[in-house]
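Here is a short report on one protein chain. Keep the sequence and the 3D view open as you read.

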Amino acid sequence: MIHAVQHEFKVTRTTLADGRELLYFDDEPAYVAGEKQRELHDSRDLPQATTESEMRQDPLTGQWYVYAAHRMNRTFMPPANENPLAPTKPGELPTEVPADDYDVVVFENRFPSLSVHMEVSEDFAANVDGQELFPRKPAIGRCEVVCFTPDVNSSFRDLPYERARTVVEAWAHRTAELSAIEGIRYVFPFENRGKEIGVTLQHPHGQIYSYPFVPPRAAEVAARARAFREQTGKDLFDATLSAEKASGTRVLLAGEHFTAYVPAAAKWPVEVILMANRAVPDFAALSDEEKDELTRFYLDLLGRMDRFFEGVERTPYIAAWNQAPVGEDRENGRLYLQLYSMMRSPGRMKFLAGSESGQEAWISDTTPERIAERFREVADNAN
């Protein structure tokens, strides 16, 4: 057994010019010891952050949809000297980050889909056009940006272990605080990478959405887990891990705390699950040993992802960190990563056409066993 050494880091908070919060997560010894300090003053002249997002419920499916019209004018593919996620350098335009350098930084999104910076009037209409069949609510939540590195040319896979471990600590810290906000039902850290899937800022970063409702996938998983427990008395996540391990054909990494495997019913052209072996609900509940192994395994999988297609240096992907719902149904969720790509072959993307988009009836162009075989071929220790 490898015994973990506690990962040392320091959290420093500040408020940006428009009232949004920013947090530095520093692991460099001089900052951890307090010998050096990050710049806290935002020199920009910005109006106070306000949004008017709303959400409406579809009467046919019961799902909630968010409407955030102010996002139409958000930053899109800015030139290098206007990168809002870079550090603020002397003599250059100030960015979202006041300091001239950082390790990891988290701040509230300037163009959020969900926000706590909302003034909800007393006469806010609880339904659309006076129709009770169309419920309507303010989209109160919080959306954060997580910058993994100040290097715009880098990627998460390029982070040294210690810096990646700090990102894991940031996810745990933010999960705990966001879960404590009144009305929040689900906290979702994720990363979109690659212009092929619509990324508007190329700087290495992820996001964290905290929703005032349990989103459809998480709700469906929780419902399945609840029904399975009632029918069998067993945990659905434990049963899934046991079945994948018993098969063995799709397991990529089997550690003391986490298991990585291509799911037997993988839907994406490239997909892998990294699941906690014990019933841990979210990042905030992880031990130091679990965080260590999670970091190592995640970096391993990201490296394989970028070697998956010959001639493709950076595979576009989505890293979706599933966590348990906040409050009700917490026992019916578990921390696991769904890492996947829409790329089906070099330079060719899978488009969601009629069957997938219209009916959510998935048709795959490959098989889970072929995906697993390729992931093994591109492992660091592969011959």
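At what angle do the axes of helix H2 and helix H5 cross? The answer comes after a word on the model.

## The model

This is a predicted model: local features need pLDDT of at least 70, side-chain atom pairs count only at pLDDT 80 or more, and totals for chains, interfaces and linings use all residues. Residues are numbered from 1 along each chain as its sequence is written, and side-chain values use heavy atoms, with hydrogens and water left out.

## Two helices that cross

Helices (H or I, at least four residues) and strands (E, at least two) are DSSP runs, numbered from the N terminus. Helix H2 covers residues 161–179 and helix H5 covers residues 288–307. Their axes cross at roughly 120 degrees and come within 9 Å. Axes are lines fitted to C-alpha atoms, for helices over the stretch in contact, and angles run from 0 to 180 degrees between N-to-C directions.

H2 and H5 are therefore oblique to each other. Angles under 35 degrees count as roughly parallel, over 145 as roughly antiparallel, 65 to 115 as roughly perpendicular and the rest as oblique. Residues in the contact (heavy atoms within 4.5 Å) include Tyr161 and Trp171 of H2, and Asp288 and Tyr298 of H5.

## Histidine 205

UniProt lists His205 as "active site" in an unreviewed entry. Such annotations may be inferred rather than shown by experiment. Histidine 205 lies in strand S10, residues 205–211.

Is histidine 205 buried or exposed? Histidine 205 is buried, because its relative accessible area is 10%. Buried means under 20% relative accessible area, exposed over 50%, partly exposed in between (1.4 Å probe, protein chains only). The side chain of histidine 205 reaches the backbone oxygen of histidine 203 at 2.6 Å. Among its contacts beyond four places in sequence are Leu85, Cys147 and Asn192.

## Glutamate 108

Glutamate 108 is found in strand S5, residues 104–108. Glutamate 108 is buried too, with a relative accessible area of 6%. Its side chain reaches the backbone nitrogen of glutamate 21 at 2.7 Å. Not counting residues up to four places away in sequence, glutamate 108 touches Gly19, His117 and Arg142, among others.

## Threonine 315

Threonine 315 sits in the loop between H5 and strand S14 (317–322). Threonine 315 counts as buried, at 0% relative accessibility. The threonine 315 side chain reaches the backbone oxygen of methionine 305 at 2.7 Å. Its contacts beyond four places in sequence include Arg193, Phe309 and Ser341.

How values were computed: A polar contact is a pair of N or O atoms within 3.5 Å; within protein, one must be able to donate a hydrogen and the other to accept it, and residues adjacent in sequence count only if both atoms are side-chain atoms.
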